[in-house]
Amino acid sequence: MKKAFPILGLLTAALLSFALYEALVVAPREQTMGDVQRIFYYHVPSAWTAFLLFAINFLASVQYLVRPRPQADKIANWIVIALGALTSIGAYVVRPLPQNMYPSSVVTTGVAIVGLYFLIKKYFSEQETDILALTTAEVGVVFCTVVLVTGPLWARPVWGIWWTWDVRLTSTLVLWLIYVSYLMLRRFSTSGQTPVLAAALAVFGALDVPLVYFSIWFFRTQHPQPVIGGGGSIDPRMLHVLLINWLAFLCFAFLVCWSRYRLEQLQREVEETQALEALLEPRSTVR
Amino acid sequence: MNDPNTARAQADPIITVTNLIKQFGRFAALRGVTASFEAGRLYGVLGENGAGKTTLLRVLAGLVRPTRGTVAILGKGDPREACREFGYMAHPSLLYDEMSGMENVRYFARLYGIQNDARCAQSITAVGLDPELGRPVGQYSQGMRQRMSLARALLHDPKILLLDEPFSNVDIRSAREMVKLLAHMRDQGKTVFVVTHQASLLDGAADQFVWMQAGEIINRTPDRKYMETA
Amino acid sequence: MSAPSGITMATLTKDIRLEWRSKDAINSMLFFALLVVVVFSFSFDPVAEESRHIAGGLVWIAFLFAAVVALNQTWAREIRNQVLDAYRVSPAPANALFLAKAVGNFIFVALLEALMTPLFIMFYKLRALGPAWQLLPVAVLGTWAIVVNGTFFAAMSLRTRSREIMLPLLLFPITIPALLSMVEATTTILVGDPSTSAKFWMVLLATYDVVFTTGCLALFETVLHAE
């Protein structure tokens, strides 16, 4: 890590600067909203990054729960594959897709999730999946906060309101609340098996997400309000800048996660070594 | 000590622990305990506070998972699989204060699949209490409460008894009666572990004293003549 | 009766008996429920027309707060005298305990709701313009949604510091879709707009209940036996 990290850090910094330049200068000026719209290039990639991180947290949590039980492990494998298959098929069968998503992006997401699950299974030991879950939760919450802050910052000058209970923003808020409660559980737990409890909570959170989405979506159809970020198709030049920014954010998120992961790993190693020392040294009879 | 035990001395170990380690953070409650215990004996587990006696019992009961090491109870690697074969008792009463003794025992019997009121009454009488007593357990004296807790631990006729400080704050008469009962159980072939600070109560009843210190078993003696040196 | 459901029933009757005997708990809960209704009624004093639009939200939030207090308390009983250890060492399955606690909580919270509802109707001069019978399934599904997750998270927070605050911290975010459904369904029924129907919300609530009851049953054993 000592060699790779600074190099990647520099590359990421360069990429981020380039992405910023693209967002502020190169990207075309939006017709109705003007330059304020450029915050979109921070808002959306942060959201996608946060969702990716939370997805990884969910997969890692599931892994942590099922790996000690071989039977549950096998069942989980099949469920993951089935979900991936269903998503891919559903992307071409369900018309029209909500939020004007492209079938190809839905399929990519489905396949990516299946792929990530098995990658985590292969390369992370049981303890390491827990560290991965913790890391992605923390960094995910940070990116989610960025989404929730940039949302109102964008909304205010453009639509005159700070907040709107639109589907995406509200779902993001609930996701943020769930993961903050996850982090609080991790911090406040006195159990020796905090990772298990946290993993259970993460699974509950993940089960909740589609329900949150549908409930707010239906709520919105009953009580329509302006949608921040708009739906509809996007100018290809804007899409290009958006994707560059997302790539830059992903690299940045990866670096932050990597260093947090290493930090946690080292911390646990220190604790284990200290525990081992305490085990070996003779204890005094007077306590 | 007692002659029946010479035959039992050749018995297979009923509990075996190997290199049992339990750490709570940096505190090592058990540091590599390796021992086997034979059936049909009464073991007194002695030691100072923090020696690991309670932790050892809780590991045997399956309430605490060891950090490292193995436990084998009646050949089963996970204490929870052998849960029908042991009864557990601790310093807190493990009873509901607002219910009477019989109601408590009846409920816990249900957890073991026992729906027979007569058996519940039997285990209450065995500890010298009255099954008809309608007073809620919260109003019992400590001696009565500990005896009722013992009744609860005994009701499913377990092969092993794990008792953590059963005589704590109990009047001397009740304590002596409990010891007599435990010795009687041992004579019937049960294995009894008693963690206690009042080791003198076990004189004449215990087959072996297990001395623990700083998370390890430092000695096992047939009587209390052994005293660890400071 | 198979063994686990026998244990569930035995645990449930035991809990009801204990609850009945420690009457201070029930009395304080009932009084708390009354206070909540009165305070809410002082804070909002709408005309009958408006009240129909907001009563749904107020009522369910009041129920939610009453439920949290009740939920915290039912597990507290198992911590006294470490009685939970006695359950853990027994061969009784963890799910039997969970169901017993959840059903017991459901009965208790339903009792509180039955007390608070007439008061709300009185203070807000409520009258349902839509199909009032639909309020019953909404109440049942909604209460179960709060109680099933509440029981699970209350058990989880037994292993944390600040036990009483952890329960709402964990429960509220997860309950948001259910809460939204309950409130919207109730409001739809009260307002009685013929173009809307509470059916979607009821289906969503039922889905929520099924999903999370399954999740709780699958994961409760892990939580119960966590040190």
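**Chain C and its neighbours**

I'll start with the side facing chain B: this is a predicted model, and in it 22 residues of chain C are in contact with 24 residues of chain B. Two elements of chain C each give two or more residues to that side, helix 1 (3–21) and helix 4 (83–89). Helix 1 of chain C gives the most, with 8 residues. By class, the residues on this side of chain C are 10 nonpolar, 5 polar and 7 charged.

Now chain C by itself. Along the principal axes, its C-alpha atoms fill a box of roughly 55 × 35 × 35 Å. Buried residues are 48% of the 227. Of the contacts in chain C with a separation of 6 or more, 84% are between residues 24 or more positions apart.

Last, chain A. Helix 6 of chain A (residues 167–188) packs on helix 7 of chain C (residues 163–191) at an angle of about 155°, with the axes 9 Å apart. Angles over 145 degrees count as roughly antiparallel, and that makes this pair roughly antiparallel. The crossing of the two helices is left-handed. Residues making the contact include Leu177(A), Ser181(A) and Phe188(A) from helix 6 of chain A, and Met166(C), Pro173(C) and Ile176(C) from helix 7 of chain C. The contact has 12 nonpolar residues, 1 polar and no charged ones.

Technical notes. Residues numbered from 1 in each chain as written. Chains lettered and ligands numbered in written order. Predicted model: local features only at pLDDT ≥ 70, side-chain atom pairs only at ≥ 80, totals over all residues. Axes fitted to C-alpha atoms, helices over the stretch in contact; angles between N-to-C directions. Helix = DSSP H or I, 4+ residues; strand = E, 2+ residues; numbered from the N terminus. Parallel < 35°, antiparallel > 145°, perpendicular 65-115°, else oblique. Left-handed = near helix turned anticlockwise from the far one by under 90°. Contact = placed C-beta atoms within 7 Å. Nonpolar A, V, L, I, M, F, W, Y, C, P; charged D, E, K, R; others polar. Buried ≥ 20, exposed ≤ 12 C-beta atoms within 10 Å, placed from the backbone.
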